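Here is a short report on one protein model. Look over the sequence and the structure first, then read on.

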Amino acid sequence: MKIKLTIISGPHQGQEFVFDGHDTFLVGRTKDAHFQLSYDDPYFSRRHFLVEVNPPRCRLIDLNSRNGTQLNGVRIQTTEVADGDEIGAGHTVFKVCVLAAESADKETLALPVDPIAGTPTIDYQPSAVLGYRLEGELGRGGMGVVYRATRERDGRAVALKTIMPAAGASRKQIDRFLRESRILGQLAHPNIVAFQEAGEAGGLIFLAMDLVDGPDLGARLKTRGAEDVRTAVRIVCQMLAGLAHAHAKGFVHRDIKPSNILIGRAGVKGMVKLADFGLARVCESSKISGLTMQGEIGGTPAFMAPEQVTHYGQVKPAADQYSAAATLYKILTDRHTHDFPKDIGAQLAHIVTMDPVPITERNPDLPAKLAEVIHKALSREPEDRYPDVMAFRQELKRFA
């Protein structure tokens, strides 16, 4: 399916924008807007509103604009948009049209579906993944369950991530996911959880990764609270080393947060491992996760860079630097960078339009120079951050 936005009123009447996949559309006066209004128009803010599309779904988010955004004549903050709705700001009005796909891949994965929720219902039993002996659950999230397992052919201990495809996932989508996930095997670094293999068994897609014997940083924060400066900086510096390796090979993580940082054991020192590298992009490009919008699978978008919100399909390494800095902020304060509202759309608007709360307001004992380093990496504009994550790491090492 596709979504078409047509300008039906205003100086640009007749102009059309068509989307056939998950993307964002930024409207405003700023030069990085997908649709840029003249600076002579007093009704538009620099970044006025954002339309997130994932056909047939469409979400409208006002970016705390001065004069507001309307849906069918009613001012909104964030809302779902349907076929035929009209989005208005200033003298410009867009009409939303949901277009049926010209053709469809009808060969779908046979999964039992919950008749109410419309999503697959998988019985997560140890026998569901042939070739592996499952020995206990390590965690679960919006897409599936992670198990501690032993690969039967060689006795290797692994973390087995089982992924629940969206209802009606096509054979083409499943094959693309498996093909693209295997590319992750190119990443070989001590600070990245190593990919072993991907496959399909018992109605599930699975990824086998190295098993890290230790907690994730999110769980550690819940039990221990904020870390001291030296420990926090050392954790993030290790993670940044792995990140630099991946960036050099053309990979962007897109989902750096405490729960994706594992604290393993290597001798007497903790070994930091970055998990789920590239998984967000692979799930997105293959569309096996269904018609989800930003923040719905990964939970809170609190670690997202502003440009990841506004330019969803064009995420670059600078976004990972921002997320790493937001993670360090969380480790040092056990608080997020912003005082976020509860609504996900409002959270996204907050990231785009508001500066982070100064970290020394969260923890007055932090060194002022460290605060400067963190806030530079948290700059709203990517060009105001460090040139790359290694430059960020070099600055942080002074505090390790």
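## Model and confidence

Contact means heavy atoms within 4.5 Å. This is a predicted model: local features need pLDDT of at least 70, side-chain atom pairs count only at pLDDT 80 or more, and totals for chains, interfaces and linings use all residues. Residues are numbered from 1 along each chain as its sequence is written, and side-chain values use heavy atoms, with hydrogens and water left out.

The pLDDT is the predictor's confidence in each residue, from 0 to 100. The protein chain averages 86. At least 70 is reached by 85% of the residues. Over residues 108–126 the pLDDT is below 50. Beyond near neighbours in sequence, that stretch has 45 contacts in the model.

## Nonpolar cores

Buried means under 20% relative accessible area, exposed over 50%, and partly exposed in between (1.4 Å probe, protein chains only). A nonpolar core is a set of buried Ala, Val, Leu, Ile, Met, Phe, Trp, Tyr and Cys residues joined through side-chain atoms within 4.5 Å. The largest such core has 77 residues. Phe177, Met239, Leu240, Phe392 and Leu396 have the most contacts inside it. Helix α3 (residues 229–248) gives the most to this core, with 10 residues. Helices (H or I, at least four residues) and strands (E, at least two) are DSSP runs, numbered from the N terminus.

What does leucine 396 touch, not counting residues up to four places away in sequence? The list is Val233, Val236, Cys237, Leu240, Leu328, Leu370 and Val373. A second, separate core has 22 residues, including Val27, Phe44, Leu71 and Val81.

Helix α7 (residues 344–353) has 9 of its 10 residues buried, so it is largely enclosed by the rest of the structure. Among the buried ones are Gln347, His350 and Thr353. Their cover includes β6 (57–62), β9 (78–80), α5 (306–310) and α6 (317–333).

Histidine 247 lies in helix α3. Is histidine 247 buried or exposed? Its relative accessible area is 15%, so histidine 247 is buried. Histidine 247 touches Val252, Pro317, Asp320 and Val389, leaving aside residues up to four places away in sequence.

## Cysteines

A disulfide is a pair of cysteine sulfur atoms within 2.5 Å. A search of the whole structure finds 0 disulfides. Cysteine 58 counts as buried, because its relative accessibility is 1%. Cysteine 97 has a relative accessible area of 27%, so cysteine 97 is partly exposed.
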